[in-house]
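Biologist: I have not looked at this one before. Can you walk me through a few spots?
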Amino acid sequence: MKFPGSVLVSLVLFVAETAAALCLSGAYRAAGDRMWQWLTLLFALLPCALVQLSLVFIHRDVSRDRPLVLLLHLLQLGPLVRCVEVFYIYFRAGRVEEPYVSITKKRQMPKDGYSEEIEKEVGQAEGKLCTHRSAFSRASVIQAFLGSAPQLTLQLYICVLQQEITAARSVFMVLSLLSIVYGALRCNILAIKIKYDDYDVSVKPAAYLCIFMWRSFEIATRVTVLVLFSSVLQIWTLPVVLVNFFVFFFYPWILFWQSKSPFPENIEKALSRVGTTIVLCLLTFLYAGINMFCWSAVQVKLNDPDLINKSQNWYRLTVYYMLRFIENAFLLLMWYIYKTDIYLYVCAPLLVLQLLIGYCMAVLFMLVFYQFCHPCKKLFSSSISEGLLSCFKFLCFICKPPKSTVLKDKAEVKSLENTDEVRSSSKTIDSQKGNPHQSASSNA
């Protein structure tokens, strides 16, 4: 049985970040910065409440008679209880013979074009551990993008305004960045396991390293760009954030309305239509929060029974990173034009170049992951290099003028050239007629 290390990592990050947020809010209160205190508490407690709701929803605690567990969730101690339960199950497994086991069928990765199907016995303990891992993975994603990402942006913005990085704030920002990167990593792994649920997927350490570097560069540069822009153009910060958020929030709903599919009813039998709508809105809210800071490996598809788009769309990936790079470059240009005196001792061109290179490094590690380290790359209908090449060809085809227009322009240019040649030849004939001595001498 696999050691539940992901559960332990999620719990450590959750507890460390919450404790650091409470300590830092106390420091802001002592310094008299009430606004920074309440914003820090808001970005710390709101994701905590959402994490409790997600754990209760996945384990279906409301429909079960577990009042103590529900009370601990209300006291924001749900992850601690779940972690204790996980390790209790893990260390107790194998000591008592289980009354029954379930058999799962998984296919191995293709070797030489062949894929074998293997059967595996899954006991009750292992099934419970799998449920706990899945619940903590989703909780880590919620904590990362609805709490840690806004928290990191806020603390970096305070550092820029106050031109000071304290020890407590730097530790808190490092914890927040690690939480975001870990949440993005779990999002990638969840996407792989959901898309290739029929296969026995094993992720190698090289893949984890590529994802970690990819997400670290992408999120760090994105947060820095947003902070720099908001520090000089505070009025335009809210429109930029809202446009980004609402585009990604309504995009799955627009696709759902265009498909004219029936309203999904199979999310949870105990939920009414209103409850299902609330769950779907929370899902798209999380999806928009992820895409605000980085590429969402999980694409929401509301007309699918699993609510996930399982097809590999290289076009959407290419368009996202191209538009995000253009947006980051534009925001950096605005910061460079309107920068204030607080950046007097900062080499602005070098900083802009470093941030753009950092984003390109994120794209590079992403390409390396999909090309060489993806655990299911043998199942791709086309590789990332082929997909990007076809995307660029498609974009060039769109930007290229029609062939008839090009031929027409070439014909017009050629006719103009012929007209110029006729005019020049007629001028030489006229000049020879007007100067007979020159023509005679030339004949002689």
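Modeller: Let's start with Phe87 and Phe91: they sit four residues apart in helix H4 (residues 78-92), so about one helical turn separates them. Helices here are DSSP runs of H or I with at least four residues, numbered from the N terminus. This is a predicted model, where local features need pLDDT of at least 70, side-chain atom pairs count only at pLDDT 80 or more, and totals for chains, interfaces and linings use all residues. Residues are numbered from 1 along each chain as its sequence is written, and side-chain values use heavy atoms, leaving out hydrogens and water.

Biologist: Is Phe87 buried or exposed?
Modeller: Phe87 counts as buried because its relative accessibility is 16%. Buried means under 20% relative accessible area, exposed over 50%, and partly exposed in between, with a 1.4 Å probe and protein chains only.

Biologist: And Phe91?
Modeller: Phe91 has 48% relative accessibility, so it counts as partly exposed.

Biologist: Now the tyrosines. How are the rings of Tyr320 and Tyr321 arranged?
Modeller: Their ring centres are 5.4 Å apart and the planes are at 85°, so the pair of Tyr320 and Tyr321 is edge-to-face. Rings of Phe, Tyr and Trp (its six-membered ring) pair if their centres lie within 6.5 Å; planes under 30 degrees apart are stacked, over 60 edge-to-face, and the rest tilted. Tyr320 and Tyr321 are both buried.

Biologist: Which residues do ring pairs link into a cluster?
Modeller: The cluster consists of Phe248, Trp295, Tyr320, Tyr321, Phe325 and Tyr359.

Biologist: How many aromatic pairs does the structure hold?
Modeller: There are 20 aromatic pairs. Phe87 and Phe91 form a stacked pair, because their ring centres are 6.2 Å apart and their planes are at 25°.

Biologist: Changing topic, where is Gln163?
Modeller: Gln163 is in the loop between helix H5 (124-162) and helix H6 (167-195). Gln163 is exposed because its relative accessible area is 54%.

Biologist: What is phi of Gln163 near?
Modeller: It is near 55°, a positive value in a residue that is not glycine. Most residues other than glycine have a negative phi.

Biologist: What about Asn303?
Modeller: Asn303 belongs to the loop between helix H9 (273-293) and helix H10 (314-338). With a relative accessible area of 30%, Asn303 is partly exposed. From C-alpha to C-alpha, Asn303 and Ser261 are 6.0 Å apart in space, and they are 42 residues apart in sequence.

How values were computed: Helices (H or I, at least four residues) and strands (E, at least two) are DSSP runs, numbered from the N terminus.
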